[in-house]
Every structure is written in structure tokens, then in C-alpha cells.
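Reader: I'm new to this one. Can you put it up and walk me through it?
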Amino acid sequence: MRRRVRQPAIQPALRDPERHDFWPGFICALIGLIVMFVGARHLTGVETTDGGSAWETQLIKAFSSGGIEIGIPAPKPAAVGPDGLPEPAVAPEPEPREPEPGLLSKVRVNLGAKTPCPT
């Protein structure tokens with residue numbers, strides 16, 4: 001048969017209050033959110049059809065939807081007159097005889113592409 005062992009009296013003033021701080025957890029969560037946002041929005045050196053630099057998520061989406069364009073020169077901006085309207089073209093530009101040396105290495109991201117990936 002078991003005997004009960006007498007326990008010492010409880011003294012609430014000497015006990016650990018077991019409080020949990022809010023700030024260390026909040027700061028760690030905030031740092032995690034910042035790292036996640038910055039990591040997801042990483043800029044690449046690839047040019048978009050709009051002329052800016054593509055985000056990493058845009059590059060992945062363009063790769064899966066057929067939006068990677070290789071060797072296409074950037075479109076020339078239309079000439080704008082002093083009144084803000086486009087000027088009429090004087091003469092068509094002659095076509096180049098040979099491609100420029102770095103033309104085929106030019107890669108751009110078309111953000112409006114909708115063709116699904118064939119694989």
C-alpha cells in the first residue's frame with residue numbers, strides 16, 4: 001500500500017509568475033515577414049517588354065506561360081511632337097542586312113503572355 005508524502009506549503013509570492021513576453025515573438029515574426037517579402041520580390045537583370053526590370057516571380061510566371069522572348073530588339077518609342085501627338089513617319093527604315101552581334105543574347109520578359117507551357 002502507498003503512503004502519501006506530505007508536501008510543503010505553497011507560497012505564491014515566491015513562485016515564478018510564468019509570464020510570456022510579447023515583443024521577442026513579434027520582432028521575430030516581423031523579421032520573418034520582411035525576409036519573405038524581400039525574397040519573393042527579388043529583382044532580376046532581365047528586361048521586360050515595358051522597359052523595366054522583371055521581378056523573380058514575374059520571370060517564373062513568364063517562363064511557364066511562354067513569355068520569354070529571345071533575340072527580339074526593344075521597340076523604338078514613337079516620336080512625339082510639341083503638341084503631344086505622335087508625328088507621322090517620314091520614310092520607312094531600311095531593314096538591317098545582318099543581325100547585330102549581341103542581338104541573339106537579348107532576353108526579355110513579356111508579362112502579358114497567356115500561352116500555357118507545353119510540358
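Author: One term to start: buried means under 20% relative accessible area, exposed means over 50%, and partly exposed lies in between (1.4 Å probe, protein chains only). By that scale Phe26 is partly exposed, because its relative accessible area is 38%.

Reader: What should I know about the model and the numbering?
Author: This is a predicted model, where local features need pLDDT of at least 70, side-chain atom pairs count only at pLDDT 80 or more, and totals for chains, interfaces and linings use all residues. Residues are numbered from 1 along each chain as its sequence is written, and side-chain values use heavy atoms, with hydrogens and water left out.

Reader: Back to rings. How many aromatic pairs does a search of the whole structure find?
Author: Three. Rings of Phe, Tyr and Trp (its six-membered ring) pair if their centres lie within 6.5 Å; planes under 30 degrees apart count as stacked, over 60 as edge-to-face, the rest as tilted.

Reader: What kind of pair do Phe22 and Trp23 make?
Author: Edge-to-face, because the planes stand at 75 degrees. The ring centres are 5.1 Å apart.

Reader: And Phe22 with Phe26, stacked or edge-to-face?
Author: Stacked, with 20 degrees between the planes and 5.3 Å centre to centre. Phe22, Trp23 and Phe26 form one aromatic cluster.

Reader: Is Phe22 buried or exposed?
Author: Exposed, at 53% relative accessibility. Trp23 is exposed too.

Reader: New topic. What order do the strands take in the sheet?
Author: β2-β1-β4-β3, in an open sheet of four strands with mixed pairing. Strands here are DSSP runs (E, at least two residues), as are helices (H or I, at least four), numbered from the N terminus. Two strands pair if DSSP finds at least two bridges between them.

Reader: Which strands stand at the edges?
Author: β2 (53-55) and β3 (68-70). Each has a single partner strand, so one side of each lacks a neighbour in the sheet.

Reader: How do β1 and β4 run?
Author: Parallel, with two bridges joining β1 (residues 43-48) to β4 (residues 107-109). Thr48 stands opposite Val109 in β4.

Reader: What about Thr44, buried or exposed?
Author: Buried, with a relative accessible area of 17%. Thr44 is found in strand β1.

Reader: Which backbone oxygen does its side chain reach?
Author: That of Ala54, at 2.7 Å. This is a polar contact: N or O atoms within 3.5 Å, one able to donate a hydrogen and the other to accept it, where residues adjacent in sequence count only if both atoms are side-chain atoms.
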